[in-house]
Amino acid sequence: MILSAMFFYLFAGVCVASAVMVVTARNPVHSVLFLILTFVNAAGLFILLNAEFLAMILIVVYVGAVAVLFLFVIMMLDVDFAELRQGFLEYLPVGLLVGAIFLAELLLTAGGWVLDPEITRSITAPIPTTVTNTEAIGLVLYTRYVHYFQLAGLVLLVAMIGAIVLTLRHKPNVKRQNVGAQNARGKATAMAVRKVPSGQGLQDADAEEWVK
């Protein structure tokens, strides 16, 4: 019990400190590195809670993919963050409004838990004790919350298609395949019969037409 408490305070302290450094670090690369440290310590907290699936997701997905992607993007783009900070005061009212909304949501959540401690149990499903944590999450996710899971997948699909549409740029001088035009070709458009006089070849004036 004492050992578990020691690990809890170690992971929690490092997690909170690294989360603060993510916001306060001047170098964006250092912020991403502190973010990775935050994820690792949060995974340690999940392991102490016997939620090994969430710990694995934090390490594999967030640390191994998302945070590393942030790091590579920041290092490759070489963004001038000093120039971006010049318009900070212009967006300060919007930032304060969003922060106030998040604060109100946190207060409502904490207030509901204080007023009625049983409210968290009323929205949870019973966890079977005969299966592992990962299997229990799968049983609940793909049965009781299967519609929400499919809806989240559709939202991610729409976001992926939107990102592709917004970032796709067609170059004007690149030849592209037109499947509709190819399927609509007939004898009139695909073949031309020309009578070439004997002893004479294709004239230079007709070269482009023959190439088509």
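## Contacts and overall make-up

Of the contacts between residues at least 6 apart in sequence, 43% join residues at least 24 apart. These values come from a predicted model.

The chain holds 212 residues, and 11% of them are buried. The accessible surface of the protein is about 17,900 Å². Carbon and sulfur atoms account for 70% of that surface.

## Helix 1

Helix 1 covers residues 2–24, which is 23 residues. From its first C-alpha to its last the helix reaches 33 Å, close to the 33 Å expected at 1.5 Å a residue. The buried residues in helix 1 are Ala12, Cys15 and Ser18. Helix 2 is included in what covers them.

Leu10 also belongs to helix 1. Its relative accessibility is 47%, and because this value falls between the 20% and 50% limits, Leu10 counts as partly exposed. Leu10 and Gly44 are 34 residues apart along the chain, yet their C-alpha atoms are separated by 9.6 Å.

## Helix 2

Helix 2 runs over residues 28–48. Its 21 residues should span 30 Å at 1.5 Å a residue, and the end C-alpha atoms are 31 Å apart, which agrees. The buried residues of this helix are Pro28, Ser31, Val32, Ile36, Thr38, Phe39, Asn41, Ala42, Ala43, Gly44 and Leu45. After helix 2 comes Asn50, which has a positive phi, near 60°.

Apart from neighbours within four places in sequence, Ser31 is in contact with Met21, Val22 and Ala25.

Asn41 is placed in helix 2 as well. Its relative accessibility is 7%, and because this is under 20%, Asn41 counts as buried. Which residues does Asn41 touch, not counting residues up to four places away in sequence? They are Leu10, Phe11, Val14 and Cys15. Of these, Leu10 is in helix 1, and Cys15 is one of the buried residues of helix 1.

## The largest nonpolar core

The largest nonpolar core has 9 residues in all: Cys15, Ile36, Phe39, Ala42, Ala43, Ala55, Leu58, Val63 and Ala67. Helix 2 and helix 3 (52–77) are the elements that give two or more residues to this core.

Leaving out residues up to four places away in sequence, Ile36 touches Val63 and Ala67. Ile36 is also among the buried residues of helix 2.

Leu151, Leu154, Val155, Leu157, Met160, Ile161, Ile164, Val165 and Leu168 make a nonpolar surface patch of about 860 Å². One of these residues, Leu168, sits in the loop between helix 8 (146–167) and helix 9 (179–183).

Note on methods: Residues numbered from 1 in each chain as written. Predicted model: local features only at pLDDT ≥ 70, side-chain atom pairs only at ≥ 80, totals over all residues. Heavy atoms only, no water. Patch = residues over 30% accessible without salt bridge, like charges linked within 9 Å, V, L, I, M, F, W, Y side chains within 5 Å. Areas by Shrake-Rupley, 256 points an atom, 1.4 Å probe, with all protein chains shown as cover. Salt bridge = Lys/Arg side-chain N within 4 Å of Asp/Glu carboxyl O. Helix = DSSP H or I, 4+ residues; strand = E, 2+ residues; numbered from the N terminus. Contact = heavy atoms within 4.5 Å. Core = buried A, V, L, I, M, F, W, Y, C linked by side-chain atoms within 4.5 Å. Buried < 20%, exposed > 50% of the residue type's maximum accessible area, 1.4 Å probe, protein only. Expected span 1.5 Å × (residues − 1).
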